[in-house]
Amino acid sequence: NNTALIVDADLVHRIGSILRLEKGDDIVLFDATHHILATIVELDNRRSVAVHINEIHANKRLSPTIEWVLPLLK
């Protein structure tokens, strides 16, 4: 069973009210190490979002690493 329930209130609010996603829409959830391709199965705007997980992938490290240095300011 590849169904997950999202109950984080802030994330549920963003999905339902800000992004205005609906049942059947695809979404990509990610963090520093992985990204998940999922489809919204059920949406309760105030409490939870049920998603069907389609794919899980590890993030690829960019090569070469980018270093950002601020110059000295006078």
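This is a predicted model: local features need pLDDT of at least 70, side-chain atom pairs count only at pLDDT 80 or more; totals for chains, interfaces and linings use all residues.
Me: Why is Ser48 called buried?

Reply: Ser48 has a relative accessible area of 17%. The term buried applies under 20%, and therefore Ser48 is buried. The residue lies in strand E4. Leaving aside residues up to four places away in sequence, Ser48 touches Leu5, Ile6, Val7, Val12, Glu42 and Leu43.

Me: Why are Asp10 and Arg14 said to meet in a salt bridge?

Reply: Their side chains come to 3.1 Å, N to O. A salt bridge requires a side-chain nitrogen of Lys or Arg within 4 Å of a carboxyl oxygen of Asp or Glu, so the pair Asp10 and Arg14 qualifies. A search of the whole structure finds one salt bridge.

Me: Where do Asp10 and Arg14 stand in relation to each other in helix H1?

Reply: They are four residues apart in helix H1 (residues 9-18), which means that about one helical turn separates them.

Me: Are Asp10 and Arg14 buried, partly exposed or exposed?

Reply: Asp10 has a relative accessible area of 43%, and Arg14 has a relative accessibility of 44%.

Me: Which residues make up the largest nonpolar core?

Reply: This core has nine residues: Ile6, Val12, Ile15, Leu21, Ile27, Ala38, Ile40, Val49 and Val51. Two or more residues come from each of H1, strand E3 (34-44) and strand E4 (48-58). In soluble globular proteins, nonpolar side chains tend to be buried together. Among the residues that Ile6 touches are Val12, Ile15, Val49 and Val51.

Me: How do you know that E1 and E4 pair?

Reply: E1 and E4 share four bridges in the antiparallel sense. Pairing needs at least two bridges, so these strands pair. For Thr3, the bridge partner in E4 is His52.

Me: What makes E1 and E2 the edge strands of the sheet?

Reply: The open sheet has four strands in the order E1-E4-E3-E2, with antiparallel pairing. Strand E1 (3-6) and E2 each pair on one side only. On average, neighbouring strands are turned by 40° against each other, direction ignored. H1 packs on this sheet, touching E1, E2, E3 and E4, and the direction of H1 makes about 75° with that of E3.

Conventions. Residues are numbered from 1 along each chain as its sequence is written. Side-chain values use heavy atoms; hydrogens and water are left out. Buried means under 20% relative accessible area, exposed over 50%, partly exposed in between (1.4 Å probe, protein chains only). A nonpolar core is a set of buried Ala, Val, Leu, Ile, Met, Phe, Trp, Tyr and Cys residues joined through side-chain atoms within 4.5 Å. Contact means heavy atoms within 4.5 Å. Axes are lines fitted to C-alpha atoms, for helices over the stretch in contact, and angles run from 0 to 180 degrees between N-to-C directions.
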